[in-house]
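Hi,

Here is the structure I promised to pass on. Have a look at it first, and my notes follow below.

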Amino acid sequence: MSQGLPAAGSVLQRSVAAPGNQPQPQPQPQSPEDDDRKVRRREKNRVAAQRSRKKQTQKADKLHEEYECLEQENTRLRREIGKLTEELKHLTEALKEHEKMCPLLLCPMNFVPVPPRPDPVAGCLPR
């Protein structure tokens, strides 16, 4: 007999003794009350499953609506960022052009050491 293989009798004995191979007892005839109970339980389970599926569908629908709203808001905000970026570029260019000819910035008195002002353009604004 080879070492890796079990003896034929021991395999047969184990397969017969395995729990899945035990003979099943014959089902008892069910009473009408048992049948009614089973039918009611199945109906109750079916209704609960329908309710659960409906709730899950409603949750998915709500999430989809929220997703759509967030996508629209995201698109709107991206457009607004684009507009504000363009406005920033325009205002920056306007400020550069103004600084080239601003009399307060070109005045030699402004180059005398004085306490720093918070904003050099603030002096150009009307009071």
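This is a predicted model: local features need pLDDT of at least 70, side-chain atom pairs count only at pLDDT 80 or more; totals for chains, interfaces and linings use all residues.

Let me start with one pair that sits in a helix: Arg37 and Asp34 are both part of helix α2, which covers residues 32-101, and they are three residues apart, about one turn of the helix. Their side chains form a salt bridge, with N to O at 3.4 Å. By salt bridge I mean a side-chain nitrogen of Lys or Arg within 4 Å of a carboxyl oxygen of Asp or Glu. Asp34 is partly exposed at 31% relative accessibility, and Arg37 is partly exposed too, at 49%. The cut-offs there are under 20% relative accessible area for buried, over 50% for exposed and partly exposed in between, using a 1.4 Å probe and protein chains only.

Residues are numbered from 1 along each chain as its sequence is written, and side-chain values use heavy atoms, with hydrogens and water left out.

- Glu80 and Arg76 meet through their side chains at 3.6 Å, N to O. They are four residues apart in helix α2, so about one helical turn separates them. Glu80 has a relative accessible area of 37% and Arg76 has 44%, which puts Glu80 and Arg76 in the partly exposed class.
- Glu86 pairs with Lys89, and their closest N and O atoms are 3.7 Å apart. These two are three residues apart in helix α2, again about one helical turn. Glu86 is partly exposed at 48%, and Lys89 is partly exposed at 48%.

As for the whole chain, what does its secondary structure come to? There are three helices and zero strands, and the pattern along the sequence reads α-α-α. Helices (H or I, at least four residues) and strands (E, at least two) are DSSP runs, numbered from the N terminus.

And how much of the chain is buried? Of its 127 residues, 2% count as buried. The accessible surface of the protein chain is about 12,400 Å², with 60% of that belonging to carbon and sulfur atoms. Those areas come from the Shrake-Rupley method with a 1.4 Å probe, and for residues only the protein chains shown count as cover.

Cheers
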